[in-house]
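Work through the exercises below with the sequence and the model open. Try each task before reading its solution.

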Amino acid sequence: MSWLSTENVVAVGTALLGIAASAGMVMYERRVPRRKRIGYRVQMDNAIGDDIRSGRADRRLGLLLFDFDGAPDMSDATLVLLRVENDGSLGIDRDDYTSPELHGLNAVFTDRIVRGVSVTQATERDHLMDHFTAERGFGYEGSTLRIPRVPLNKGDHFKLLVLLTGGGVGRDIRIHGGIKEGEVHPNRSATPDEKPPVFSRATRFITVMLTLSVVTLAGIVVARDGTPPPIGCAKGELTVTGSTAFAPVAQEVAKKYEHDCAGSTVTVDAHGSTAGVRQLAAQGEQTKAQGSPPLVALSDGPKPDDMPELRENRVAVSVFALVVNADVGLTNLSTADVRRLYQGQVTDWSQLGGRSLPVRLVSRDANSGTRQVFQRRVLGRGEMANSSVDCAHKDDATAPVTRCELDSTGQVLTEVAQLPGAIGYSELNLADDAKGVRVLDLDHNAPSVDAIEHGNSAYPYREIEYAYTYGQPPADSLASSFLTYLTRGTGQDVVRTHGHVPCWTPEGMELCA
């Protein structure tokens, strides 16, 4: 499946949107509802007296100097450690407390009497101690502890160690008071120094569930069956013409498209790149009034400059190869030697270190894109004139070597395999599968698709494979749908299995640019 298919883009886009929504919800929860908040929690509530109601005496170390049994009303003494903190997102000033009294908050210990209190805080917050004075309302009476208006930056906290009597541990403890545009609230902690939850339980649950849902959706779509029906199937008839070298790819893609898109018929009728491009231009001119004809022309390389009406679609990078009869005895030729061969300057393979066999050039006709790529990328000029009909005997006695022209890549491979001393050219994948021929390196660069794809080869005999239409076919036409299927859909897998580099892969985009 193509990573850039519409389905994948939709799935991944949905996942990103869901994650963004989760982040937005978290930020909203963090910034809006908790702008100014004072949280408190009980970090310790222990009995330290010898209250016989508990059924057992408390164990103390270091507190034995204080006579709990002899002191009045201290047999049921308890110690409470209360943590008060700014757990919102903004700092809190003295004026933010809304209490009409001098102090800011009241800590109420149900059924217990406050006997004493000690204030503690981190060393870096020693300045907070200046606010815990009687002049600023700090004190206690009965079951109520008065807490001053202590300014707290975000994250600041202080702790109150309170000595109490008159009730057992676990009784309700509450802090009352108001904050402008905020609230005072209890928070919970499993351990004394554990921080309060940054986000509410509801926010955490919704965030986790939403993220899991959208990521699962993306995973299902991307990782499911690699050959789903394409988006945008079209019905009707379409003809694909042009390159014979690329015809095996077109034929397989056509079959898959017909299977996936019921009601469509795609016929591949390849006669060479130049012939296909000219056929498209002529048919488009004839049917211009009716719009783009149902015809796609495949071409090894770009179209001629005098056909501006043709619209290109870059499909793949194709790699081609020189092939020789297996008896020639060579595995590598330099570019200079190839040019000498095709200018008739080398007449016997022994001149290049091979066996003593006459050179026979088996070429393609003038409509061949494979030939045009060979002339453009390797020879740097056109081939010499034709001198033979059967490829084995000269019809022109003055010609330095035997040269013939055939109609298709398959015919070239067959002739080279059976004709001693023959050399020709072919699309690489077809050449690798052919028997009786040997694929040649050029300048000691092997014709390797992997090496070319990863930028590790200077092998010259390669070209972009184009698919041309006459103008821009309608978006809902069979031609548009088939081209999308070929270049961005399932067709990319077929292109790769036939030894080409799809243009819509990251490496292919660079090679096809």
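**Exercise 1. Aromatic pairs**

How many aromatic pairs does a search of the whole structure find?

Solution. The model is predicted, so local features need pLDDT of at least 70 and side-chain atom pairs count only at pLDDT 80 or more, while totals for chains, interfaces and linings use all residues. Residues are numbered from 1 along each chain as its sequence is written, and side-chain values use heavy atoms, with hydrogens and water left out.

Step 1. Apply the rule: rings of Phe, Tyr and Trp (its six-membered ring) pair if their centres lie within 6.5 Å; planes under 30 degrees apart count as stacked, over 60 as edge-to-face and the rest as tilted. The search of the whole structure finds 9 aromatic pairs.

Step 2. Classify one of them. Phe 132 and Phe 158 have centres 5.1 Å apart and planes at 75 degrees, an edge-to-face pair. Phe 132 belongs to the loop between E4 and strand E5 (139-141) and Phe 158 to strand E7, so the pair ties together parts 26 residues apart in sequence. Helices (H or I, at least four residues) and strands (E, at least two) are DSSP runs, numbered from the N terminus.

Step 3. Check burial, where buried means under 20% relative accessible area, exposed over 50%, and partly exposed in between (1.4 Å probe, protein chains only). Phe 132 has 10% and is buried; Phe 158, at 1%, is buried as well.

Step 4. Classify another pair. The ring centres of Phe 374 and Tyr 461 are 5.5 Å apart and the planes stand at 45 degrees, so this pair is tilted. Phe 374 sits in helix H6 (residues 369-379) and Tyr 461 in the loop between helix H9 (449-453) and strand E20 (462-470), so parts 87 residues apart in sequence are tied together. Phe 374 is buried at 0%, and Tyr 461 is buried at 0%.

Step 5. Look for a cluster. Ring pairs link Phe 320, Tyr 342, Phe 374, Tyr 425 and Tyr 461.

**Exercise 2. A sheet**

Find the strand order of the open sheet of 5 strands.

Solution. Step 1. Two strands pair if DSSP finds at least two bridges between them. The order is E4-E7-E2-E1-E9, with mixed pairing.

Step 1. E4 pairs with E7 (residues 157-165) in the antiparallel sense over 7 bridges. One partner to look up is that of Ser 118, namely Leu 161 in E7.

**Exercise 3. A helix**

Which residues of H3 are buried?

Solution. Step 1. Check the length of H3 (residues 247-260). Its 14 residues at 1.5 Å a residue should span 20 Å, and its end C-alpha atoms are 20 Å apart, which agrees. The expected span is 1.5 Å times one less than the number of residues.

Step 1. The buried residues of H3 are Ala 247, Val 249, Ala 250, Val 253, Ala 254, Tyr 257 and Asp 260. They cover an arc of only 150 degrees around the axis, which puts them on the same side of H3. The arc is that of the directions from the helix axis to the C-beta atoms.

Step 2. The face turned away from the buried side of H3 carries the exposed residues Lys 255 and His 259.
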